[in-house]
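Please view the sequence and the structure together while reading.

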Amino acid sequence: MEFGFTEEDEAFRTEVREWLAGHTNDCQDRRSWERTLGKSGWIGLGWSESGYGNRTATLTQQVVWAEEYARSGAPARSGHIGEKLLAPTLLAHGSEEQKARFLPPVAAGDELWCQGYSEPGAGSDLAGVRTRAVRDGDGTYRISGQKIWTSLAHEADWCFVLARTDPGSSRHRGLSFLLVPMDQPGRVEVRPIRQMTGTSEFNEVFFDGAHARAEHVVGGEGNGWRVAMSLLGFERGVSTLAQQVGFAQELDRVVRAAVRSDAVADPVVRGLLVRQWAELRVMRWNALRTLGGSGDTGAPNVAKLLWAGWHQRLGELALLVRGAEAAVGPREWSPESPYELDELQYLSLFSRADTVYGGSDQVQRTIIAERVLGLPREPKGVV
């Protein structure tokens, strides 16, 4: 069950490979890299005929770009939240004024975005958000509350925020989807969260009367839940196949480590490695089956369950095949560099979060049970 690529797709693949080969070695920070991508027309390939992207590309060509980008070793993207999440949401729910204001800077790589969804008391249960937005007499909103696990907030120019605009509402009702500028000293504070990997991709964000303009409410006041759920549907698409390219590269590194340590002499280890390879193939087939489809309720939830558990098991295997060596860092400890990990150690630690972020495994199974299989809803208050 392989994706059928046409001659045009393969010609596009050659163009992509040549461009990436000529640019990925450039020494640039992540923001400059986004502008390089935008200048060459590589941002917004999936925006169809919107007129706001740089060039149009078929679904198969979008897959080609995503896979070749993952293979190339190009820098990690800072603009993917704006390109892959905000942009499709604006195209589906935004006003013409909102599209004209926000999509061109995303396509150019000039404005970076972060996602203000999760809160300390509302992670997987997104309907429990308590961040509030109160409308002033001049038409602006004042936002107060806290968001957490906000990826790349320390780099972002804007944040799309799910907040409660009806103070008497609860759960899914009374929520709005607001576009909030991050450059508001004293009103927006970003605090990096140091993870056990030693890095800080995630942040806490505190809003203390931060301003958002009334014309920057997407989908209308009180319709935030509908917009937010629509956005979550864009999270898992073409990027899933690119993610699997990265997974294959990680699996290859684990296999090579197993050969170096002679762990492959153990039949149990060999069986685990083969299982990882086979399950990765199944994930690819499943992604191809659902790619571009509509109405396949539960497909994104199934995909999340598949890859999260697979990646976490790979992280465990990455340490198992190395034995005692896995407990030793790549460099001698020093006050200047007290905490360093090699690639496989980082994989093992970071993958621990896979079954939690983006909706925990338990939440994914509940959604599948209730919305796909039609099973009775889980009773409230059950521990």
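The model is predicted.

**Helices H8 and H9**

- Helix H8 spans residues 267–290 and helix H9 spans residues 299–320; their axes lie 10 Å apart, and the helices pack at an angle of about 155°.
- Because angles over 145 degrees count as roughly antiparallel, H8 is roughly antiparallel to H9.
- The crossing in which H8 passes H9 is left-handed.
- Residues of H8 that meet H9 include Val-269, Leu-272, Leu-273 and Met-283, and among their counterparts in H9 are Ala-303, Leu-306, Trp-307 and Trp-310.
- The contact of H8 with H9 comprises 13 nonpolar, three polar and three charged residues.

**Gln-195, in a loop**

- Gln-195 is located in the loop between strand E6 (188–192) and strand E7 (203–212).
- Gln-195 has a relative accessible area of 15%, and therefore counts as buried, since the cut-off is under 20%.
- Its side chain makes a polar contact with the side chain of Glu-201 at 2.9 Å, and the side chain of Gln-195 also reaches the backbone nitrogen of Phe-202 at 3.5 Å.
- Leaving aside residues up to four places away in sequence, Gln-195 touches Ser-200, Glu-201, Phe-202 and Phe-350.

**Arg-377, after a helix**

- Arg-377 belongs to the segment after helix H11 (361–372).
- Its relative accessibility is 67%, so Arg-377 counts as exposed.
- The side chain of Arg-377 forms a polar contact with the side chain of Glu-370 (3.5 Å).
- Arg-377 and Ile-367 are 10 residues apart along the chain, and their C-alpha atoms are separated by 9.4 Å.

Terms used:
Residues numbered from 1 in each chain as written. Predicted model: local features only at pLDDT ≥ 70, side-chain atom pairs only at ≥ 80, totals over all residues. Heavy atoms only, no water. Axes fitted to C-alpha atoms, helices over the stretch in contact; angles between N-to-C directions. Helix = DSSP H or I, 4+ residues; strand = E, 2+ residues; numbered from the N terminus. Parallel < 35°, antiparallel > 145°, perpendicular 65-115°, else oblique. Left-handed = near helix turned anticlockwise from the far one by under 90°. Contact = heavy atoms within 4.5 Å. Nonpolar A, V, L, I, M, F, W, Y, C, P; charged D, E, K, R; others polar. Buried < 20%, exposed > 50% of the residue type's maximum accessible area, 1.4 Å probe, protein only. Polar contact = N/O pair within 3.5 Å; in protein donor to acceptor, adjacent residues only side chain to side chain.
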